[in-house]
Amino acid sequence: MEDKALDNNLTLKRKRIMIYFIEAAEKLIRQNGIENLSIRKIATEAGYNSATIYNYFNDLEQLTMFASICYLREYVSQLEKELKPEMRAIDSYRTIYHCFNRNALRYPEIYHNIFFGKYSGELASVLHLYYHELFPNELENFSEETRTMLVQGSMVERDRATMERMVQEGDIQADKAEITLDLIVALHQNFLYEASLGGAGFDAKAHEEKFNRMFEYLLAAGK
């Protein structure tokens, strides 16, 4: 099936209209929440009819994925400040997850959808299109390392390079690296899913502390 949003024939007009829809969806998510988003509301906000959206995106879920990428901005900005070149890989790994969770717990449904939802398998392509074709200015103030990490896609792809450095530095055994990585990503997927179901009384701080304990346990088991 043709993937309309990831079509390689991106004319200036096509990019412009995709941006209209993405910005309209982003505005509505921030105003009313992701759960209240609809094709009709996005089309009305962008000044087009609903049918036009399907010329540019496969469905609501794919458009929502693009509109949700903006929620990574604060995470990436914090990460840029907290990652230091002199850090050991294991400390960089901790920093990545601490920054990520600090922001993901504010918008767990959105973060879960980006990294583990219907279109998460296309995340690398979505991020490349978003940052290199549609909103290139968003990368201007970030280092080359952060830019590279931004377009890596899945959490497994993002984490693998750091895990390899942890092996080289002796903090993770080579024969345990892959299973340690898989278990941490699976733990995080469940962590975000539980947070997205948490509701009004959800204790985000306690949830994050629980994740950190389990995260450290897995790192220790990989030594």
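1. In which crossing, right-handed or left-handed, does H6 pass H12? The crossing is right-handed. This and every value below come from a predicted model.

2. The geometry of that pair is as follows. H6 and helix H12 (residues 204–221) pack at about 160°, and 12 Å separates their axes. Angles over 145 degrees count as roughly antiparallel, and H6 and H12 are therefore roughly antiparallel to each other.

3. The contact between these two helices draws on Ile 90, Tyr 93, Arg 94, Tyr 97, His 98, Asn 101 and Arg 102 from H6. On the H12 side it has Glu 208, Phe 211, Asn 212, Phe 215, Glu 216 and Leu 219. By class, the contact of H6 with H12 comprises 6 nonpolar, 3 polar and 4 charged residues.

4. H6 also packs against H5. Here the angle is about 150° and the axes are 9 Å apart, so H5 and H6 are likewise described as roughly antiparallel. H5 passes H6 in a right-handed crossing. From H5 the contact takes Glu 74, Tyr 75, Gln 78, Leu 79 and Glu 82, and from H6 it takes Thr 95, Ile 96, Cys 99, Phe 100, Arg 102 and Asn 103. These residues divide into 5 nonpolar, 3 polar and 3 charged. Arg 102 of H6 is listed in the contact with H5 and also in the contact with H12.

5. Helix H4 (residues 60–68) and helix H7 (residues 108–116) pack at an angle of about 110°, with 10 Å between their axes; that makes H4 roughly perpendicular to H7. The crossing of H4 and H7 is left-handed. Thr 64, Met 65 and Ser 68 in H4 meet Ile 110, Asn 113 and Ile 114 in H7. The contact has 3 nonpolar and 3 polar residues, with no charged ones.

6. Turning to open space, the largest pocket has a volume of about 410 Å³. Helices H5 (73–82), H6 (89–104), H9 (144–150) and H10 (155–168) each give two or more residues to its lining. That lining has 18 residues, and those nearest the pocket centre are Leu 83, Glu 145, Thr 146, Met 149 and Arg 165. The lining splits into 7 nonpolar, 6 polar and 5 charged residues.

7. There are 2 cavities of 30 Å³ or more in the structure. The largest cavity holds about 100 Å³ of space. Its lining consists of Leu 72, Tyr 75, Val 76, Phe 115, Leu 127, Met 149, Leu 150, Gly 153, Ser 154 and Arg 158.

8. Leu 72, Arg 73, Val 76, Tyr 131, Glu 138, Phe 142 and Leu 150 line it. By class the lining has 5 nonpolar and 2 charged residues, and no polar ones.

Key
Residues are numbered from 1 along each chain as its sequence is written. This is a predicted model: local features need pLDDT of at least 70, side-chain atom pairs count only at pLDDT 80 or more; totals for chains, interfaces and linings use all residues. Side-chain values use heavy atoms; hydrogens and water are left out. On a 1 Å grid over the protein atoms alone, a cavity is a set of points where a 1.4 Å probe fits but cannot get out, and a pocket is an open set with protein on both sides within 12 Å along at least five of seven lines; lining residues have an atom within 4 Å of a point. Grid points are joined across faces, edges and corners, and a volume is the space filled by probe spheres set on the points. Helices (H or I, at least four residues) and strands (E, at least two) are DSSP runs, numbered from the N terminus. Ala, Val, Leu, Ile, Met, Phe, Trp, Tyr, Cys and Pro count as nonpolar, Asp, Glu, Lys and Arg as charged, and the others, Gly among them, as polar. Axes are lines fitted to C-alpha atoms, for helices over the stretch in contact, and angles run from 0 to 180 degrees between N-to-C directions. Angles under 35 degrees count as roughly parallel, over 145 as roughly antiparallel, 65 to 115 as roughly perpendicular and the rest as oblique. A crossing is left-handed if the near helix is turned anticlockwise from the far one by less than a right angle, and right-handed if clockwise. Contact means heavy atoms within 4.5 Å.
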